[in-house]
Amino acid sequence: MQREIYLAGTMSGKNNYGISWRNKEKKWFEHRGESVFSPPDRENALLVKYDIKPSLLRRRNNQLSASVRRKLFAEIITFDLDQLRYRTKYGVFYITEYSPGTISELTWCFMYGIPTYVVTRMKLKAWPEACATKIFRTFEQLRNFLKVTYGLKIKKK
């Protein structure tokens with residue numbers, strides 16, 4: 001099984017659910033022959049399963065019942081943490097604000113020795129800073145590091 005790059009970052013309450021930056025980075029990695037896991041891609045399928053309109057889930061004050069929310073998010077959390085633990089090569093974390101889910105994923109990676117590369121302009125608090133393998137201010141800095149560390153080069157088709 002090929003391990004994937006896990007793209008983590010705030011999703012809830014975001015206008016585009018954090019999809020824009022993920023799509024850009026996913027394309028960059030895939031152009032170099034890497035497999036990428038982006039949580040919003042899978043969650044769209046779950047929304048269909050639960051017959052939920054994406055706009056309901058992606059607003060801060062959504063209108064889902066508590067029991068449906070718990071069931072849905074329990075399934076999301078279980079899948080994402082399994083993805084991190086068993087199928088992730090390393091995580092790329094984009095932190096623009098503190099998100100309980102993102103910090104939990106970062107902690108989970110730390111506990112299981114999965115490298116985590118954080119892109120943020122924020123001054124991180126002690127917990128996420130300690131869990132991060134390396135912190136970058138821009139994606140360009142991260143990409144340069146990954147090219148050298150993992151030998152990521154554009155793959156010819």
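**Salt bridges across the chain**

Lysine 89 and glutamate 34 form a salt bridge in which the closest N and O atoms are 3.2 Å apart, a salt bridge being a side-chain nitrogen of Lys or Arg within 4 Å of a carboxyl oxygen of Asp or Glu. This pair links distant parts of the chain, with lysine 89 in strand S3 (residues 88-94) and glutamate 34 in the loop between H1 and strand S2 (36-37), 55 residues apart; helices (H or I, at least four residues) and strands (E, at least two) are DSSP runs, numbered from the N terminus. Lysine 89 is partly exposed at a relative accessible area of 31%, whereas glutamate 34, at 12%, is buried, where buried means under 20% relative accessible area, exposed over 50%, and partly exposed in between (1.4 Å probe, protein chains only).

The model is predicted, so local features need pLDDT of at least 70 and side-chain atom pairs count only at pLDDT 80 or more, while totals for chains, interfaces and linings use all residues. Residues are numbered from 1 along each chain as its sequence is written, and side-chain values use heavy atoms, leaving out hydrogens and water.

Five salt bridges are found in a search of the whole structure. One of them joins the side chains of glutamate 25 and arginine 143 at 2.6 Å, N to O, bringing together helix H1 (residues 19-30) and helix H7 (residues 139-150) from positions 118 residues apart. Both glutamate 25 and arginine 143 are buried.

Lysine 49 forms a salt bridge with glutamate 75, with 3.0 Å between the closest N and O atoms. Because lysine 49 lies in helix H2 (residues 39-49) and glutamate 75 in helix H4 (residues 66-87), the pair ties together parts that are 26 residues apart in sequence. Lysine 49 is exposed at 57%, and glutamate 75 is partly exposed at 22%. Arg42, Lys49 and Glu75 are linked in a network of salt bridges.
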